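Me: I have a structure open and would like to go through it piece by piece. Can we start with the surface and then move on to charged pairs?

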Amino acid sequence: PVGIGLVVDRVMLRVNDRICEMVGYTREELVGRSARVLYPDEAEFLRVGAEKYERIMQLGTGTIVTRWVRKDGTLIDVLLSSTPLDPQDLDAGVTFTALDITDRKLAERKLIESEARFRAVIEAAEDSIFIKSRDLRYLLVNPSMECLLGFTAAELIGKTDVELSGTEAGGP
């Protein structure tokens, strides 16, 4: 499931079949070309190069999340990891692995959007709403619940009713 390749000065010298499947190019169309062809714009190409090679210099491996553009123009999210063949000589070449994480990133975005809608509904509700953990600590309270109990959300979150019972309304 992982694309693998070899670059020298960010020119692709070798790519496996998975790289070709991911980006929609044939091996012949990729080998000998700058990796720039895989990036949606020059800024992303430069950002990835700078950050990845900085990490290689510091850690020996550079891993970064980026976006590639397929031959048909479709953008995909990619987890890219690179390791030099010779850590003392980056000119000898850098191997890279590329994992298509587009589905995972889409699921993450949908979850964030769903959570935002959930929070908006809870915050706007006139009824008092709260969520507690298994050990009965407040995890979420809406403004109506704050008014009902006389505490702010910051004062409630992480506390139990027993812990709050010894405090006065409006402050711990």
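Reply: Patches are made of residues with over 30% relative accessible area and no salt bridge, where like charges are joined within 9 Å and nonpolar side chains (Val, Leu, Ile, Met, Phe, Trp, Tyr) within 5 Å. The areas come from the Shrake-Rupley method with a 1.4 Å probe, and for residues only the protein chains shown count as cover. For charge, Lys and Arg count as positive and Asp and Glu as negative, while His and the chain ends are not counted. The place of a charge is taken as NZ of Lys, CZ of Arg, CG of Asp or CD of Glu. A salt bridge is a side-chain nitrogen of Lys or Arg within 4 Å of a carboxyl oxygen of Asp or Glu.

Me: And where does the model come from?

Reply: It is a predicted model, in which local features need pLDDT of at least 70, side-chain atom pairs count only at pLDDT 80 or more, and totals for chains, interfaces and linings use all residues. Residues are numbered from 1 along each chain as its sequence is written, and side-chain values use heavy atoms, with hydrogens and water left out.

Me: Ok. Which residues gather in the patch of negative charge on the surface?

Reply: Asp9, Asp86, Asp89 and Asp91 do.

Me: Where is Asp91 found?

Reply: Asp91 lies in the loop that runs between strand E4 (75-84) and strand E5 (94-100). Helices (H or I, at least four residues) and strands (E, at least two) are DSSP runs, numbered from the N terminus.

Me: Is Asp91 buried or exposed?

Reply: Asp91 is exposed, because its relative accessible area is 54%. The cut-offs are under 20% for buried and over 50% for exposed, with partly exposed in between (1.4 Å probe, protein chains only).

Me: What about Asp9, where is it found?

Reply: Asp9 sits in the loop between strand E1 (3-8) and strand E2 (11-15). With a relative accessible area of 60%, Asp9 is exposed. Its phi is near 50 degrees, a positive value in a residue other than glycine.

Me: Which loop holds Arg10?

Reply: Arg10 is in the loop between E1 and E2. Arg10 also has a positive phi, about 65 degrees, although it is not a glycine. Arg10 counts as buried because its relative accessibility is 13%.

Me: Switching to the nonpolar surface patch, which residues make it?

Reply: Val2, Ile4 and Leu99 make a nonpolar surface patch of about 210 Å². Val2 belongs to the segment before E1. Val2 is partly exposed, at 32% relative accessible area.

Me: Now the charged pairs. How many salt bridges are there in the whole structure?

Reply: A search of the whole structure gives 16. The general idea is that side chains of opposite charge can pair when their charged atoms come close.

Me: Give me one. What does Arg47 pair with?

Reply: Arg47 forms a salt bridge with Glu51, and their closest N and O atoms are 3.2 Å apart. Both residues lie in helix H3, four residues apart, which is about one turn of the helix. H3 covers residues 42-59. Arg47 is partly exposed at 29%, and Glu51 is partly exposed at 31%.

Me: Which network are those two part of?

Reply: Salt bridges link Glu44, Arg47, Glu51 and Arg55 in a network.

Me: How far is Glu51 from Gln88?

Reply: Their C-alpha atoms are separated by 18 Å, and the two residues are 37 apart along the chain.

Me: What does Glu108 do with Arg104?

Reply: The side chains of Glu108 and Arg104 meet in a salt bridge, 3.4 Å from N to O. Glu108 and Arg104 are separated by about one helical turn because they are four residues apart in helix H4 (residues 102-124). Glu108 also meets Lys105 in a salt bridge, at 3.7 Å from N to O. Glu108 is partly exposed at 34%, Arg104 is partly exposed at 44%, and Lys105 is partly exposed at 21%.

Me: Last one, Ser81. Buried or exposed?

Reply: Ser81 counts as buried, since its relative accessibility is 18%. Ser81 lies in strand E4.

Me: Which side chain does Ser81 make a polar contact with?

Reply: The side chain of Ser81 makes a polar contact with that of Thr63, at 2.9 Å. A polar contact is a pair of N or O atoms within 3.5 Å; within protein, one must be able to donate a hydrogen and the other to accept it, and residues adjacent in sequence count only if both atoms are side-chain atoms.
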